[in-house]
Amino acid sequence: MKRSLMSLGAALLSAVHLAVPASAQNASKDVTIVLGEGVDLMEPCMSTRSNIGRVLLQNINETLTEFDVVGDKGLMPRLAESWDQQNDSTWRFHLRKNVKFSDGSDFDAEDVKHSIDRAMSKDLSCETPRYFGSTKITATVVDPSTIDITAEPKQAILPLLMSIVTIVPSDTPMQFVRDPIGTGPYKMAAWNVGQNIVLERRGDYWGDAPQVEKATYVFRTDPAVAAAMVQTGEADIAPAISVTDATNAETDQAYPNSEVFYMRIDQGKPPLQDKRIREALNLAIDRQAFVGTLVPAETTLATAMVPPTTLGFNKDIKPWPFDAEKAKALIADAKADGVAVDSKITLIGRSNLFPNVLEVMEAIQSMLTDVGFNVDLQMYEVAEFEDIYGKPFAEDRTAQLVAAQHDNARGDPVFSMFFKYHSNGPQSGFSDPKVDQMIEDATAATGEDRAKKWSDLFAYLNNDVVADVLLFNQVSFARVNPRVTFKPTIATNSQLQLSQVGFK
Amino acid sequence: MRKLIFGRVLSSFFSLAALVVMVFFLSRLTGDPAALFLPREATQEMLDNFRRLHGLNDPLIVQFGRYVWDLLHLDFGQSLRQARPAIDVVFEGFAWTFQLAAITIALVSIAAIVIGSLAAFRPDGIFDRFASVVSLIGASAPDFWVAIVAIVVFAVNFAWLPTSGTGTVWHWILPVAVLFIRPFGLILQIVRGSMIQSFGSLYVKTARAKGVGNTSIIFVHTLRNAMLPVITVIGDQAAAMLNGAVIIETIFGFPGVGKLMIDSILQRDFNVVLAAIMVTALAIFVMNLLIDIAYAILDPRVRT
Amino acid sequence: MTMTQSLPGTSTQAEVQQKGRIRGVLGMLWRDKFALAATIFLLVVISCAVFGPMLMGDAALSQNLRGRNAPPFSIANGWFYVLGSDSLGRPLLPRVVVAAQNTMLIAAGAVLCSSIIGALLGLVAGYASSRVGNVILRLADVIMSFPSLLLAVVVLYILAPSVGNLVIVLAITRIPVYLRTTRAEVMEIRQRMFVEAAEVMGASPVRIVFRHILPMVIPTLVTIATLDFAFVMLAESSLSFLGIGIQPPQITWGLMVSQGRQYLATAWWLAFWPGLAIILTTMSLNLLSNWMRIALDPAQRWRLEIGGKANG
């Protein structure tokens, strides 16, 4: 209670000074960025979570390698200058020299080892292990600027995986921290929980000094307010405003946000085991009618679980056309063979998944009903939704179509395919031994062969299995104050590098 | 009076305990925080590890025992989401909400009592009709609608005020103004109704017959008699605000306890939910006690 | 407080013929044009609620993505589109009409349940021994401090979101308001002379509570209930917004308002018409309840009988 009274007093004092709102910091090199989701942790090993990554990743904490999602440069060096494969399972990384952490200590191989150990440790629940699955990672320090990393079993994309592990100093405790120390161009100067986070440029950064001197992050759940803040000059960048607010061509730009919106088909219950029914579901939806109406005009139709910038993306797959007559014919055909086509199908959505998700779901429901499906719509809040989306599935469920978004901006399908399509995948709605084998083969392959194997898998899933109803590669809108230059990209959803922000 | 206070503190303790027990078990019926904290693609190993670290594997009753034991040592547990003591998280939010509620309720009470009394003085007169219509439109307009329109008009078009956030006195004006509208309509109606009823009662007529001036009729005789239901409704509105003004806090980016509570409920951060409920409940109990004391002062017959 | 209290015997209603009484009430209503308008509007809403889904149920659900967000006041596409269309191209007029049913069911259900339960508990709390009263009041404290949203999540997680369960959730959270107000009024009224007189004359507690105290409490309760109507309609809208409210294709005004929220800047009519329906319903209820309070109170009825020229 005493604390509360103290903080109460402090808050009262802070409210009393009568400053006129500091609007546009015109000449200064400071920026204010308004984000939609608050930040509850500033923990480097959680930076794969997009709300944390947008503030922290490559700004405060850096990684050994960095994947170029936007261009075609592939995997680029960051804290590692180069790497080479020692044998099947071991890679050697040569580290950048003369790099300092923001607390003044030097960066060396011990820090890398500690960062990897910490991220994989059982003493705290980092997100990192999810990208490694059952692979065991061991780091061995060779000398202060060289480190060997071994994966057991062998891991074809180990250098890519290193773009996920953020590097922290070797004395970072084995528990979640709230004051991240990193090698990046910025350090955290202040964190007023619920109000803002302030990042300041470091003078002793190893690379080129970025233009922005100070970045203040504020959080507004309502996209209309975020858009208004940039309009009034209170903020400079709002990376995710709503399409209905994106009315000013001068400041607003669309960009693909790496989310794929799709419906998982539950092959565990009738009538969805029948392939004709799954085809009918795909044919029943007029995807093109959504574009420019309920979803932004820049949206493209999805043909795979991953965005087109991903390795092995198969450009030959065409989106399912809209053909209600053919869908009806397929249903009639299935009915003649005794398939229970009238069984109830529950269409499941998540509230607040994106701004107008409810309307999109209602439109899908109506299209499916039009061709003769018996569809119920059910929206859930996030916890209940995740419960339904993940295994184990309830035994007494009706047949389900679960509409979900999946985000993979990490360059390789391996971060998606096992989870969505393997018999043991936690969100997989079916079981097909051939698919299992294809996933395992592609995961182990390298180079051109790997891309080819993923391509084949995408085609097989879409044409032969008809595993799901793929809908859209989603886009977002960013509003950028004319005084700064910033180009949002497919990476913006998971990281927002301040070094890419400039001034006019 | 001392007996009243002592009795209330004792009984409030029991209701607080009942509340904690209810919330503890009910909230845990609503799903698993591990699945929400960790990514969808988390391995079984990660899930097990998370549950082990946060003691979610034990039987519910063991978890409850541990929670109560910690509580007796004034330890409200850790926030799952923020990895720091839950009570710190709650106190930060509550400080904001408390100020917002106190300022708003004070303004609402003054405005509603003054305008309501004036309206009741000539029921169905022009002023009464006008006040009723305006306050009713306010009370039944969706608050998010009002909030967004207010931002567009006052912050974007006129640029008189900041859109949202905290920092200066100016930042408080829009949230307080939007929050003001709904309780104002409600309390105004109650004041007006109570006052009309009191005007109708014989003793006011007697006072009038005796030639007491209009102003003193309102403020001395009638108001005092009409205050009991008014105070009750003000108390209820204040309690609702102490529980947090979710929509206002969300839209204006105001870091209060209402937004915290909704986020914690949706993310199943049980320790924060419990700590927040205990803090706000305590505040509400204290306020209700003050209301009962106010009753006793206003109307000596109520003392039992 | 030694002043004269209002007397118990003021209800000296003359034994009029039933017909004459109705005509009298209608006559009074005719003279107060505000109350008349309110009554007519409420009758329209009620008939929409009863017949709307039968007559316009299909039109309210017919989607047309190419005719979405059509502006109001154009009947190029037919009368159904006079209020415009929503983001799925569904005509708003039938939607507002059809939504009246669920909205009224939920709001009336929740308000009735919470006011009856709250008033009964409040009567007991105010009139029974102080120990019983205290227990009931602390119960109200518990409900008041239990976050309504958590209650909603718990109830709708365990049960499914349906009209009945929504009524339960909303009713529970509103009980304390009625309970505390009733108790406060009872505490005051029970001290008055006429109640004491009745007690002396040996009237049973039940008779005193229901014959003497309750009629004095009802006007305040009605005022709160009419305003609560609006509150419940809007609370239902925030539940819809969180995804734990009513499920499409079912519609309520609250759901329509919350769906129209993001189109405030581009298509104001999506949230405006259902919002207007909520506001007009609330105002009508309030006007009517104010009128009824006067019409039913013999001490004040003269105001209406001499026409709108009432002065204080």
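C:R174 has 11% relative accessibility and therefore counts as buried, in a model that is predicted throughout. Its partner in a salt bridge is C:D228, with N and O atoms 2.8 Å apart. The pairing joins helix α6 of chain C, where C:R174 lies, to helix α8 of chain C, where C:D228 lies, so that parts 54 residues apart in sequence are tied together. C:D228, at 2% relative accessibility, likewise counts as buried, because the limit for that class is under 20%.

## Salt bridges within chains

Over all chains, a search of the whole structure finds 43 salt bridges.

In one of them, the side chains of A:R49 and A:E127 meet with an N to O distance of 3.7 Å. This pair links distant parts of the chain, since A:R49 belongs to the loop between β1 (30–35) and α2 (50–56) of chain A, while A:E127 belongs to the loop between α3 (109–120) and α4 (129–132) of chain A, 78 residues apart. A:R49 and A:E127 are both buried.

In the other, A:R92 forms a salt bridge with A:D148, and the closest N and O atoms are 2.7 Å apart. A:D148, by contrast, counts as buried, because its relative accessibility is 12%.

Salt bridges that share partners also join A:D40, A:R49, A:E127 and B:R81 into one network, and A:R49 and A:E127 are the buried pair of chain A described above.

| Residue with N | Residue with O | N to O distance |
|---|---|---|
| C:R174 | C:D228 | 2.8 Å |
| A:R92 | A:D148 | 2.7 Å |
| A:R49 | A:E127 | 3.7 Å |
| C:R180 | B:D236 | 3.8 Å |

## The interface of chain C and chain B

The last row of the table leads to the contact between two chains. The contact takes 60 residues from chain C and 70 residues from chain B. Between them, chain C and chain B bury about 6,000 Å², and 69% of this area is on carbon and sulfur atoms. How many salt bridges does the rule find across the interface of chain C and chain B? The rule finds one, and the side chains of B:D236 and C:R180 meet in a salt bridge at 3.8 Å, N to O. Across the interface of chain C and chain B there are also two residue pairs in polar contact, both at pLDDT 80 or more.

On the side of chain C that touches chain B, the elements giving two or more residues are α4 (130–145), α5 (148–158), α6 (163–189), α8 (205–241), α9 (253–260) and α10 (269–296) of chain C. The largest share, 11 residues, comes from α8(C), the helix in which C:D228 lies. By residue type, the side of chain C that touches chain B divides into 33 nonpolar, 17 polar and 10 charged residues.

## Folds of chain C and chain A

Chain C has 11 helices and zero strands. Of its 312 residues, 57% count as buried. Among the contacts in chain C with a separation of 6 or more, 70% are accounted for by residues 24 or more positions apart.

Chain A comes to 14 helices and 19 strands. The radius of gyration of chain A is 24 Å, which agrees with the value near 23 Å that a compact globule of 504 residues would have. Taken along the principal axes, the C-alpha atoms of chain A fill a box of roughly 75 × 60 × 50 Å. Of the 504 residues of chain A, 62% count as buried, and residues 24 or more positions apart account for 70% of its contacts with a separation of 6 or more.

One helix of chain A that is mostly covered is α7 (residues 275–284), in which nine of the 10 residues are buried. Its buried residues include A:R276, A:R278 and A:E279, as well as A:I277, A:L281 and A:L283. At the start of α7(A), a side-chain oxygen of A:D274 reaches to within 2.9 Å of the backbone nitrogen of A:R276, and A:R276 is one of the buried residues of the helix.

Terms used: Residues are numbered from 1 along each chain as its sequence is written. Chains are lettered from A and ligands numbered from 1 in the order in which they are written. Side-chain values use heavy atoms; hydrogens and water are left out. Contact means heavy atoms within 4.5 Å. Buried area is the accessible area (1.4 Å probe) that two parts lose on being put together, summed over both. A salt bridge is a side-chain nitrogen of Lys or Arg within 4 Å of a carboxyl oxygen of Asp or Glu. A polar contact is a pair of N or O atoms within 3.5 Å; within protein, one must be able to donate a hydrogen and the other to accept it, and residues adjacent in sequence count only if both atoms are side-chain atoms. Helices (H or I, at least four residues) and strands (E, at least two) are DSSP runs, numbered from the N terminus. Ala, Val, Leu, Ile, Met, Phe, Trp, Tyr, Cys and Pro count as nonpolar, Asp, Glu, Lys and Arg as charged, and the others, Gly among them, as polar. The radius of gyration is taken over C-alpha atoms; the globule rule is 2.2 Å times the number of residues to the power 0.38. Buried means under 20% relative accessible area, exposed over 50%, partly exposed in between (1.4 Å probe, protein chains only).
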